[in-house]
Amino acid sequence: MIISEKIDGLIGQTPILEMRTNRPDWKLYLKLEYFNPAGSFKDRTAMALMNAAEKSGQLKKGMEIFESSSGNTAKALAMLSSMRGYKFTAIVDKHAPADKLRSITAYGGKLHYCTDEEDSKGGHLVDIRRKTAKRLAEERNGINLDQYDNPENPKGYYNTLGKEIIEQIPDADYLVGTIGTGSSLSGSGKYVKEHGKTKIIALEPKGSSHFSPHGHGYFISGPGYPAGAILPKNINTSIFYKHDYVSDKEAFNTMRFFSRNKGLLVGDSSGMSLYYAMKFIKNDPVTNDIKKMVLIIGDSGESYLTHAFDDNWMKEKELLDKNITKELKEFYI
């Protein structure tokens with residue numbers, strides 16, 4: 001048991017859950033990152049960036065932190081800012097789930113919205129958010145930690161999440177995760193590859209443009225990048241064995257299946273990984289050898305209650321699909 005006098009001492013050392021499937025030649029492990037204090041793997045991002053900025057002297061008591069985020073990084077920064085004596089402002093847009101934004105303000109953080117009007121003047125909202133965070137930090141003598149390009153972000157995952165995965169499942173054949181800023185999978189994947197035989201699989205939403213210039217709209221809010229937006233420098237594609245796509249419908253119906261059938265309330269990136277694992281394993285020939293796959297379960301579904309878990313919202317967006325649920329029930333036993 002870990003006993004800590006401060007909440008940041010409880011970041012990391014998250015548990016592994018083995019998930020049963022109808023394939024006895026496969027073992028599937030879920031790295032439950034929503035056991036971090038603020039509810040996601042982005043607690044690791046927040047702590048790595050803040051620790052490095054404090055150590056370098058860039059971040060001092062009383063300063064204000066400005067960060068562009070779709071939700072989880074901002075939530076984690078708001079939590080740590082509240083206990084370390086900083087002010088925090090999250091630079092967000094309409095695509096961030098309302099539940100995540102409420103959590104940011106619950107920790108005492110402030111919200112600065114980038115609007116469609118700004119978007120219409122050129123550029124993507126994600127790029128505008130990043131520019132706005134840097135501009136506000138300069139104008140108000142604050143700091144922008146820049147989760148997208150700051151090399152301390154993947155380094156933090158290399159030193160924590162990657163090490164934990166190797167300690168818990170040292171002989172995994174595959175590590176599956178989604179990419180947004182790219183830091184969690186790039187950092188942890190690099191460590192895992194260096195210390196074992198594991199192949200790294202990167203997922204993004206259908207419509208995202210990490211690996212293709214041709215994108216379109218999608219509702220998944222954490223992973224992915226719109227076509228034409230400036231891609232983060234922290235994505236290390238050289239470590240990926242392969243990449244693939246998961247749709248809104250596949251991810252959201254998987255989230256709903258796991259909450260209602262397995263007692264697991266997970267977010268959209270996790271819905272993507274759990275659906276993809278089923279698809280990958282079902283297409284793999286049966287052998288006498290036992291293969292192992294680890295999924296990074298990035299956050300809790302509590303941030304998506306007005307999103308994928310809202311029946312009316314799902315019906316309005318025409319995303320409900322009983323066939324996906326049936327397929328999941330047959331595979332996850």
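This report walks through the predicted model shown above, from the whole chain down to single residues.

## Ground rules

Residues are numbered from 1 along each chain as its sequence is written, and side-chain values use heavy atoms, with hydrogens and water left out. Because this is a predicted model, local features need pLDDT of at least 70 and side-chain atom pairs count only at pLDDT 80 or more, while totals for chains, interfaces and linings use all residues.

## The chain as a whole

Let us start with the overall picture.

Of the 333 residues, 58% count as buried (under 20% relative accessible area with a 1.4 Å probe, protein chains only; exposed is over 50%, and partly exposed lies in between). Among contacts (heavy atoms within 4.5 Å) with a separation of 6 or more, 73% join residues 24 or more positions apart.

## Two nonpolar cores

A nonpolar core is a set of buried Ala, Val, Leu, Ile, Met, Phe, Trp, Tyr and Cys residues joined through side-chain atoms within 4.5 Å. The largest one here has 40 residues, and those with the most contacts inside it are Leu 30, Phe 252, Met 293, Leu 295 and Tyr 332. Elements giving two or more residues to this core include β2 (26-32), β8 (199-205), α9 (248-261) and β10 (291-297). Helix α10 supplies the largest share, eight residues. Apart from this core lies another, of 25 residues, among them Ile 11, Met 47, Met 63 and Leu 145.

Leaving aside residues up to four places away in sequence, Met 293 touches Trp 26, Lys 27, Leu 28, Tyr 29, Tyr 174, Val 176, Ala 277 and Phe 280.

## Helix α10 and its partner

Two packed helices are described by the angle between their axes and the distance between the axes. Helix α10 (residues 268-282) packs against α12 (residues 322-331) at about 65°, with the axes 11 Å apart; axes are lines fitted to C-alpha atoms over the stretch in contact, and angles run from 0 to 180 degrees between N-to-C directions. In this contact, Tyr 275, Ala 277, Met 278, Ile 281 and Lys 282 of α10 meet Ile 324, Glu 327, Leu 328 and Phe 331 of α12.

Ser 269 also sits in α10. Ser 269 counts as buried because its relative accessible area is 7%. Beyond residues up to four places away in sequence, Ser 269 touches Thr 178, Pro 223, Gly 298 and Asp 299.

Ala 53 belongs to helix α1 (residues 42-56) and is buried, because its relative accessibility is 4%. Ala 53 and Leu 145 stand 92 residues apart in sequence, yet their C-alpha atoms are 7.7 Å apart. With residues up to four places away left out, Ala 53 touches Gln 58, Leu 59, Ile 143 and Leu 145.

In helix α3 (residues 98-106), the buried residues are Asp 99, Lys 100, Leu 101, Ser 103 and Ile 104. Their cover includes α2 (72-84), β4 (87-92) and β5 (110-113). Just after α3, Gly 108 takes a positive phi of about 95°.

Definitions and conventions
Helices (H or I, at least four residues) and strands (E, at least two) are DSSP runs, numbered from the N terminus.
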